[in-house]
Amino acid sequence: MPENASSRKINVYVVEDSPQLLKGLLKALDSWPEMRCVGCAMHSETALKEMLKLDIDVVLMDLELPGMDGVSLTRELKQRRLPLEVLVLTTFDEEERVFEAIKAGALGYLVKRVGLEKVRSAVKEVFNGGVVIETLIARRFWNYFSAVQASAHLAQNPWGLNTDELNVLELISKGLSNAEIGGVLQIQSRTVRTHLGHIYKKMGVNSHVDAVVLALRAGAIQL
C-alpha cells in the first residue's frame with residue numbers, strides 16, 4: 001500500500017464486457033468516497049493500452065473477455081510489473097480459471113452476483129495487500145503447494161534471498177495476507193510489499209504463487 005494511501009482515493013480500473021454489470025460497477029465506484037474509477041474497457045486489448053498510461057491501484061478483471069482473456073491479461077500486467085493489484089470477477093463454474101488467474105498474479109476473486117458492498121470491501125482488502133480467496137480455492141492452493149513441496153530438492157537458495165524475504169515467502173505459503181505477515185513479523189504492511197518487490201526481482205517472477213512454488217521446489221521454505 002502506498003505510504004499516503006489513507007489520504008487519497010483508491011484508483012480502480014474496470015475490465016468487464018457485460019454492459020449491465022459494467023454500468024452497475026461504475027455507478028457504485030462513483031458513489032464510494034474512498035474510491036474512484038480511473039477508466040474502464042470491455043475489451044482486453046483496449047484495457048491494456050489504457051492501463052499502461054494510467055495510475056491504477058486495483059483492477060476489477062472479468063475472466064471472460066473477447067480476444068485475450070482475463071487470465072492472460074492478468075499475466076501480461078504482472079509481467080510488465082505494473083504497480084497494481086488484480087481482483088478477478090468470475091461466475092460459479094470457473095474454479096479452474098480462477099486458480100490459473102491467481103497463479104498468474106491476481107490477489108483474489110469475487111463471484112459476480114455478490115453484493116456491491118462485498119465488492120467495496122474486497123477492493124479495499126486487496127489495495128491493502130490482503131487476499132480475497134474463498135475456502136475451496138485456498139484448499140486447492142494448499143494441496144498444490146503440498147505437492148510441490150513433496151518433490152523438493154535439498155535446501156537451496158540460489159536467489160540469495162535474505163532471512164526476512166524467506167520468512168515472508170513462508171508465511172505467504174500458509175495463506176497469510178500482507179497485513180497478517182506484518183503482524184507476525186512486527187513490521188508494516190508496506191515493508192512486506194517492499195520485501196516482495198525484492199523477492200520478485202531476485203527470483204525473476206511476477207506473483208506470490210510463482211515465488212512460493214520456486215522456493216518450495218528448492219527446499220528454501222517449508223509449509
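This is a predicted model: local features need pLDDT of at least 70, side-chain atom pairs count only at pLDDT 80 or more; totals for chains, interfaces and linings use all residues.
When neighbours within four places in sequence are left aside, T74 is in contact with M61, V86, A101, A104, G105 and A106.

## Aromatic pairs

A pair of aromatic rings is described by the distance of the centres and the angle of the planes. Rings pair here if their centres lie within 6.5 Å, and by this rule the structure has five aromatic pairs. One of them joins F99 and Y144, whose ring centres are 5.5 Å apart and whose planes stand at 80 degrees. Planes over 60 degrees apart count as edge-to-face, so the pair of F99 and Y144 is edge-to-face. F99 is buried, at a relative accessible area of 6%, whereas Y144 is partly exposed, at 21%.

Y144 also pairs with F141. Their ring centres are 6.5 Å apart and their planes are at 75 degrees, so this pair too is edge-to-face. Both residues lie in helix α6, three residues apart, which is about one turn of the helix. F141 is buried, and its relative accessible area is 6%. Together, F99, F141, Y144 and F145 form one aromatic cluster.

## An arginine over the ring of F99

Which residue lies over the face of F99? R140 does, at 4.3 Å from the ring centre. R140 has its place in helix α6 and is partly exposed, with a relative accessible area of 24%.

Not counting residues up to four places away in sequence, R140 touches E95, E96 and F99. Between the C-alpha atoms of R140 and K124 the separation is 24 Å, although the two residues are 16 residues apart along the chain.

## Helix α7 and its two partners

Two packed helices are described by the angle between their axes and the distance between the axes. Helix α7 (residues 163–173) and helix α10 (residues 208–218) have axes that come within 10 Å and cross at roughly 105 degrees. Angles of 65 to 115 degrees count as roughly perpendicular, so α7 is roughly perpendicular to α10. On the α7 side, L169, I172 and S173 take part; they meet H208, A211, V212 and A215 in α10. By class, this contact has five nonpolar residues, two polar residues and no charged residues.

The axes of α7 and helix α9 (residues 189–203) likewise come within 10 Å, and they cross at roughly 100 degrees. From α7, the contact involves D164, E165, V168, L169 and I172. From α9, it involves V192, H195, L196, H198, I199, K202 and M203. How do the residues of the contact of α7 with α9 divide, and how many are charged? Seven are nonpolar, two are polar and three are charged. L169 and I172 of α7 take part in the contact with α10 and also in the contact with α9.

Definitions and conventions
Residues are numbered from 1 along each chain as its sequence is written. Side-chain values use heavy atoms; hydrogens and water are left out. Rings of Phe, Tyr and Trp (its six-membered ring) pair if their centres lie within 6.5 Å; planes under 30 degrees apart count as stacked, over 60 as edge-to-face and the rest as tilted. Buried means under 20% relative accessible area, exposed over 50%, partly exposed in between (1.4 Å probe, protein chains only). Helices (H or I, at least four residues) and strands (E, at least two) are DSSP runs, numbered from the N terminus. A charge sits over a ring if NZ of Lys or CZ of Arg is within 6 Å of the ring centre and within 35 degrees of the ring normal. Axes are lines fitted to C-alpha atoms, for helices over the stretch in contact, and angles run from 0 to 180 degrees between N-to-C directions. Angles under 35 degrees count as roughly parallel, over 145 as roughly antiparallel, 65 to 115 as roughly perpendicular and the rest as oblique. Contact means heavy atoms within 4.5 Å. Ala, Val, Leu, Ile, Met, Phe, Trp, Tyr, Cys and Pro count as nonpolar, Asp, Glu, Lys and Arg as charged, and the others, Gly among them, as polar.
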